[in-house]
Amino acid sequence: MNSDGIIEIPGMILLFACLLRCTQYVVKSHIKQIKCFWLAGILIFVAVIRRELNYLPDLLVPSDFSMLGQSYDWWEDSVLTVIYLVALGLLTYSRHYLWAVLKNVPVSLYLSVTVLAIVQYMGENAIIFPHTFGEIVEELAETAIYAIALTYLWRFKLTDYESCLVQKLNYKFNHANN
């Protein structure tokens, strides 16, 4: 584990909790579009967790690893790209549900996450912050973002959005038949 590994532990716990909450929503959902939305969420959290566990390949994969003539880094990037593309496809498929969710998120939440993302970037790249302090700032900002995500996921009411999507789909279906 790298030097700031201990400060990453709360963030990892929050990410796994977010992953489990998305999994719970996939299981609870009865509409295909909603299941796809939450499955995309699972894939996104899997990708973020993998990026946060960036030290694992050094521990588990030999430095001369090669499969079908490609290095571990190539395979990792390829698999993560496929995960991102599948998640994007699922979000596109569930775009009505995605829009219903996004338009009901308070603007203050968007602003808070944006500010934290900027602070995280500044800490990671030692902008304004000294390098050693910047690592701590980066990890604390990431942890705060993950805490916001978990809080939002925990307070999310699946039934509210499910009924809204059902009404919208019924409306489109009824007008398509007339």
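Colleague: Which helix gives the most to the lining of the second largest pocket?

Modeller: The most comes from α7, with four residues. Helices are DSSP runs of H or I with at least four residues, numbered from the N terminus. This is a predicted model, in which local features need pLDDT of at least 70 and side-chain atom pairs count only at pLDDT 80 or more, while totals for chains, interfaces and linings use all residues. Residues are numbered from 1 along each chain as its sequence is written, and side-chain values use heavy atoms, without hydrogens and water.

Colleague: What makes a residue part of a pocket lining?

Modeller: An atom within 4 Å of a point of the pocket. On a 1 Å grid over the protein atoms alone, a pocket is an open set of points where a 1.4 Å probe fits, with protein on both sides within 12 Å along at least five of seven lines. For the second largest pocket, 10 residues line it, and Pro106, Leu109, Tyr152, Arg155 and Phe156 are the closest to its centre.

Colleague: How many residues line the largest pocket, and which class are they?

Modeller: The largest pocket has 25 lining residues, with Phe45, Leu102, Ala149, Tyr152 and Leu153 nearest its centre. By class, 23 are nonpolar, two polar and none charged. Nonpolar covers Ala, Val, Leu, Ile, Met, Phe, Trp, Tyr, Cys and Pro; charged covers Asp, Glu, Lys and Arg; the others, Gly among them, are polar. α2 gives the largest share, seven residues.

Colleague: How do you know how many disulfides there are?

Modeller: A disulfide is a pair of cysteine sulfur atoms within 2.5 Å, and a search of the whole structure finds zero. The cysteine sulfur closest to that of cysteine 22 belongs to cysteine 18 and is 6.8 Å away, so it is too far for a bond.

Colleague: Why is cysteine 22 called buried?

Modeller: Buried means under 20% relative accessible area, exposed over 50%, and partly exposed in between, with a 1.4 Å probe and protein chains only. Cysteine 22 has 1%, so it counts as buried. Cysteine 36, at 12%, is therefore buried too.

Colleague: What makes alanine 126 and isoleucine 128 worth a look?

Modeller: Most residues other than glycine have a negative phi. Alanine 126 has a positive phi of about 55°, and the phi of isoleucine 128 is near 75°.

Technical notes
Helix = DSSP H or I, 4+ residues; strand = E, 2+ residues; numbered from the N terminus.
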